[in-house]
Amino acid sequence: MSAGQLLRDAMEAERPLQIVGTINAYTALLAQDGGYRAIYLSGAGVANASYGLPDLALTSLNDVVEDVRRIAGTTEVPLLVDADTGWGPALMIARTVRELTRAGAAGCHIEDQVQMKRCGHRPGKALVSGDEMADRIKSAVDGRVDDRFMVVARTDALASEGLEAAIERSCRYVEAGADVIFAEAVTELEEYSRFVEGVGAPILANITEFGKTPLFTMAELASVGVRCALYPLSAFRAMSKAALAVYQTIRAKGTQAGLLGTMQTRAELYETLRYEVFERKIDELFEEDQKGEGAS
């Protein structure tokens, strides 16, 4: 079964589907062990965590594909990927979809900002026309090598053009072939309800911290018909805060002894990595080598 089909099945099995951000292969394993049916690779996560850069269109398709390959090669959970604006014109967008599919992604979202994009919860966003964005979606759909690969259209129009314009744009994106609409920077549950009623396609809610969207609960999102709830950088933010505290404490106190209770133990790390499974395999191979040497 393809990764895209797994993501579609997860959307049917869980409503709303919780999709958690994983910045690398290890956090993807943690999410998998946590019981999540779908995971996510954020463009900001790639820029921030892998390259130490702000989310300002400073990373490339190859940068993202490398992280997709590492995550998808480690877990069995379908991975949705942030493809920003697609990294170029029509043929490049089609290539983006093909490359992400080959790397193991289950789907991607493409947004209607200009190429020099900004974080969806920052001021100063500029959008391309609805026609140009519809062409982006058509190019993404045309680029599929797996027809179950999920193409998600993100619209940032609500903040600058208003609700009706955002819904109108979303309808055009669905007509162009988008499977899901990612409504960015929504501030009211009623706005989600209007998207659900007006668009006629599954709606994804971005429940990111410290942004414009309140931290709506699963029950609240379900009550207005939202189909997916995205938590793009929740774990990364918590990890970063914890790491900073560790670095500051060791520097100030000269020891990490007082921090052990906040740390994942070696045994817990090994359990997540299935360390003993790998170890047993090495022992089995070594044992076979020893038998072979004895026979000679």
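These legends describe close-up views of a predicted model. Local features need pLDDT of at least 70, side-chain atom pairs count only at pLDDT 80 or more, and totals for chains, interfaces and linings use all residues. Residues are numbered from 1 along each chain as its sequence is written, and side-chain values use heavy atoms, with hydrogens and water left out.

**View 1. Eight strands form a barrel.** The 8 strands close in the order S1-S2-S3-S4-S5-S6-S7-S8, and the pairing is parallel. Strands (E, at least two residues) and helices (H or I, at least four) are DSSP runs, numbered from the N terminus. Two strands pair if DSSP finds at least two bridges between them. From one strand to the next, the twist averages 25 degrees.

**View 2. Strands S7 and S8 lie side by side in the pairing.** S7 covers residues 203–206 and S8 covers residues 228–231. Their pairing is parallel, over 3 bridges. Leu 204 stands opposite Cys 228 in S8.

**View 3. Helix H6 packs on the sheet.** H6 touches strand S4 (107–111) and strand S5 (150–155). Contact means heavy atoms within 4.5 Å. The direction of H6 makes about 165 degrees with that of S5. Axes are lines fitted to C-alpha atoms, for helices over the stretch in contact, and angles run from 0 to 180 degrees between N-to-C directions.

**View 4. Helices H5 and H6 pack together.** H5 (residues 90–103) and H6 (residues 130–142) meet at an angle of about 45 degrees, with their axes 7 Å apart. The two helices are therefore oblique to each other. Angles under 35 degrees count as roughly parallel, over 145 as roughly antiparallel, 65 to 115 as roughly perpendicular and the rest as oblique. The crossing is right-handed: the near helix is turned clockwise from the far one by less than a right angle. Ala 90, Ile 93, Ala 94 and Val 97 of H5 make the contact with Arg 136, Ser 139 and Ala 140 of H6.

**View 5. Helix H6 also packs with helix H8.** H8 spans residues 163–175. The angle with H6 is about 30 degrees, and the axes are 8 Å apart. This crossing is right-handed. Gly 130, Asp 131, Met 133, Ala 134 and Ile 137 in H6 meet Arg 169, Arg 172 and Tyr 173 in H8.

**View 6. Helix H11 is followed by Gly 254.** The phi of Gly 254 is positive, near 75 degrees. H11 has 20 residues, 234–253. At 1.5 Å times one less than the number of residues, H11 should span 28 Å, and its end C-alpha atoms are 29 Å apart, which agrees.
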